[in-house]
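Here are a few exercises to work through with the model open beside you. Try each task before reading its solution.

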Protein chains: 2
Amino acid sequence: MDNVVMLTRIRLARNLKKYPFPCRLNLAGKNQVAKDVVDAIQKSNSAIADKFDVYEINKLTEPQRISLVESHLASPEFISDANGRVILISKDKTMSIMVNEEDHIRLQIIKKGYDLDKAYDLADKLDTLLDEQLDFAFDDKLGFLTQCPTNLGTGMRASVMLHLPALQRSRALSRISGNLQKLGLTMRGTYGEGSNPKGAMYQLSNQVTLGISEKSAIENLKNITNQLVSQELQAQQRMVKNIEIQDEISRSLGILKSAKLISCEEAIKLLSNVRFGIESGVIDNLKIDTIDELITDIQPATIMVNKNEKIAPRDRDIIRAGIIRERLS
Amino acid sequence: MDNVVMLTRIRLARNLKKYPFPCRLNLAGKNQVAKDVVDAIQKSNSAIADKFDVYEINKLTEPQRISLVESHLASPEFISDANGRVILISKDKTMSIMVNEEDHIRLQIIKKGYDLDKAYDLADKLDTLLDEQLDFAFDDKLGFLTQCPTNLGTGMRASVMLHLPALQRSRALSRISGNLQKLGLTMRGTYGEGSNPKGAMYQLSNQVTLGISEKSAIENLKNITNQLVSQELQAQQRMVKNIEIQDEISRSLGILKSAKLISCEEAIKLLSNVRFGIESGVIDNLKIDTIDELITDIQPATIMVNKNEKIAPRDRDIIRAGIIRERLS
């Protein structure tokens, strides 16, 4: 299970009662919200609160901002406008709080593998900690008030990132996606939309937040995740009997270990094939974690942040190939 | 030099005075010619003669016949009609004698690397040995008489098989080929005709046999070979500074070491890239001989002959990939 589910995420949308939504705030107002949230964390007595670093988005370089998105810590919308926006990130990067995105607060828990219960527990703790010091906008009928009505109620988006190489190849996914909406869920590609997202990585998340408890939304997501994972694993076992698939997996690893320059897109595709090999037992001398760390670390902006300099695309392709060769050797 | 020149060959066309050319002989006549040639070898006192095995083509299986062509021991024309045709092959496969191809005798010396003088010496010895026992058709004006007028005179075709990956990539070869004819030489692809033969392997050979001595034909071929090799090596050194070329070479080796099935065509292309890497010093832990042996051993019919069974194309692709992985590991 853990292998097919790459990441688990819980995101809660919250707003402060005493301020209008961010879109109705000027810069001074946004700064005040940010100050309130940072204070709430820093003045709390909780052990959780110690662990956060605070970043003002307009003080970050362009690669630093994009790298936040590549690491799944911030949304693309969040970094598209830096004004008055602040992000708090825990040292271990499990927790992050975007301030002044669409809502005042978007708190997120992100955990490797499949761990919805623990992720929700942690989100609940962080939520409680903030709620003790900040007065959240809440309505007895509508639940937590959010700028967009689709988040009203729990304000919670629970999601899992799934690696589904066998289901993608078998073309079963389009049929499955079609049925998800009826179940209150939605699925989209992590890298690229459409029916064949790069690397066969998909986000499955709850769609409904109103008239349903957090627990039952999570249970619902778990049920469907379990079914999808089980279908994926069955399809994998059928598929890897096929020598053409074994060939594709083995060549992908061979190319990654030998390339002297490689684009991000090609690398994601090949790493996904190698991950498929590990999940299905065709490759047994590599760790899933090595692959997953590479998938983040070879992203364009993350390469520049880690090297601490601006790097042209072709040079990134050379550096990327070097990072991959080193980690896989 | 030795690296760029893969093979050196000398072929002599000879006919026996007392028989019409093979195309005018019936089966009994051809059998008589074959008997005379085999007797000449077997009854000779020369040390050379001990070493030959004799094969009647119509007693060989289809893969055995094709494998002779894949190993450059016989011509495609020779095996296209088995009737009355015999081939004598020395144990070390350096010497072969096709009987009743276009001419009664086509004797060939084939040596690894670049060794025209030694190859010619050996051809001359074998020719002398045969001439002592068989009366060759010879005319004082026309030299050795051959069925096709283009072989009249010396009856000699001297050739080198060149690996020219850098000149092929630089597209300089079409200009060079155009000039060769004026110099009495001809160049064609070893695997596939046209401007981009597979694996960048080319046969360069003398075209003129009449009015020129063997020695001067060989000197002429040597001069042009030396020039081509020197141009190739210069182009290689320029080209391998290019990271894209390094990438192509390195990936080719990565794929060959990891593929679980591979076509002959793809394998030749990738082996040629790896050979380019060895020639230019980009790859330093592999021997040229390993690559050259693979280029022969992965040919379809040779695979079947070595495994001693008929094998379907897809299964050959699996076996081929296995042979390559084993030899390169």
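**Exercise 1.** Find which residue of strand 4 of chain B is the bridge partner of Ile89(B).

*Solution.* Keep in mind that this is a predicted model. Start with the two strands: strand 3 of chain B covers residues 86-90 and strand 4 of chain B covers residues 95-99. They pair in the antiparallel sense, over four bridges.

**Exercise 2.** Work out the strand order of the open sheet in chain B, and say which strands stand at its edges.

*Solution.* Step one: trace the eight strands, which gives the order 2-3-4-5-1-8-10-9 with antiparallel pairing. Step two: look for strands with a single partner. These are strand 2 (52-56) and strand 9 (185-189) of chain B, so each has one side without a neighbour in the sheet. Step three: follow the twist, which averages 20° from one strand to the next.

Helix 7 of chain B (residues 214-239) touches strand 1 (5-14), strand 8 (156-163), strand 9 and strand 10 (201-206) of chain B. The direction of helix 7 makes about 10° with that of strand 8 of chain B.

**Exercise 3.** Describe the neighbours of strand 8 of chain B, and decide whether its faces are covered or open.

*Solution.* Begin with strand 1 of chain B, which pairs with strand 8 of chain B in the antiparallel sense over seven bridges. Within this pairing, Arg11(B) has Arg157(B) as its bridge partner. Strand 10 of chain B also runs antiparallel to strand 8 and is joined to it by five bridges; here Ser159(B) is partnered by Ser205(B).

Next, sort the side chains. In a regular strand they alternate between the two faces of the sheet. One side of strand 8 of chain B carries Met156(B), Ala158(B), Val160(B) and Leu162(B), and the other carries Arg157(B), Ser159(B), Met161(B) and His163(B); all are buried. With eight of its eight residues buried, strand 8 of chain B is therefore largely enclosed by the rest of the structure.

**Exercise 4.** Classify the packing of helix 11 against helix 12 of chain B, and list the contact residues.

*Solution.* Helix 11 (residues 300-307) and helix 12 (residues 313-328) of chain B pack at about 80°, with axes 11 Å apart. Angles of 65 to 115 degrees count as roughly perpendicular, so these two helices of chain B belong in that class. Helix 11 contributes Pro300(B), Ile303(B), Met304(B) and Lys307(B), while helix 12 contributes Arg316(B), Ile319(B), Arg320(B) and Ile323(B). By class, the contact has five nonpolar, no polar and three charged residues.

Note on methods
Residues are numbered from 1 along each chain as its sequence is written. Chains are lettered from A and ligands numbered from 1 in the order in which they are written. This is a predicted model: local features need pLDDT of at least 70, side-chain atom pairs count only at pLDDT 80 or more; totals for chains, interfaces and linings use all residues. Side-chain values use heavy atoms; hydrogens and water are left out. Two strands pair if DSSP finds at least two bridges between them. Axes are lines fitted to C-alpha atoms, for helices over the stretch in contact, and angles run from 0 to 180 degrees between N-to-C directions. Contact means heavy atoms within 4.5 Å. Angles under 35 degrees count as roughly parallel, over 145 as roughly antiparallel, 65 to 115 as roughly perpendicular and the rest as oblique. Ala, Val, Leu, Ile, Met, Phe, Trp, Tyr, Cys and Pro count as nonpolar, Asp, Glu, Lys and Arg as charged, and the others, Gly among them, as polar. Buried means under 20% relative accessible area, exposed over 50%, partly exposed in between (1.4 Å probe, protein chains only).
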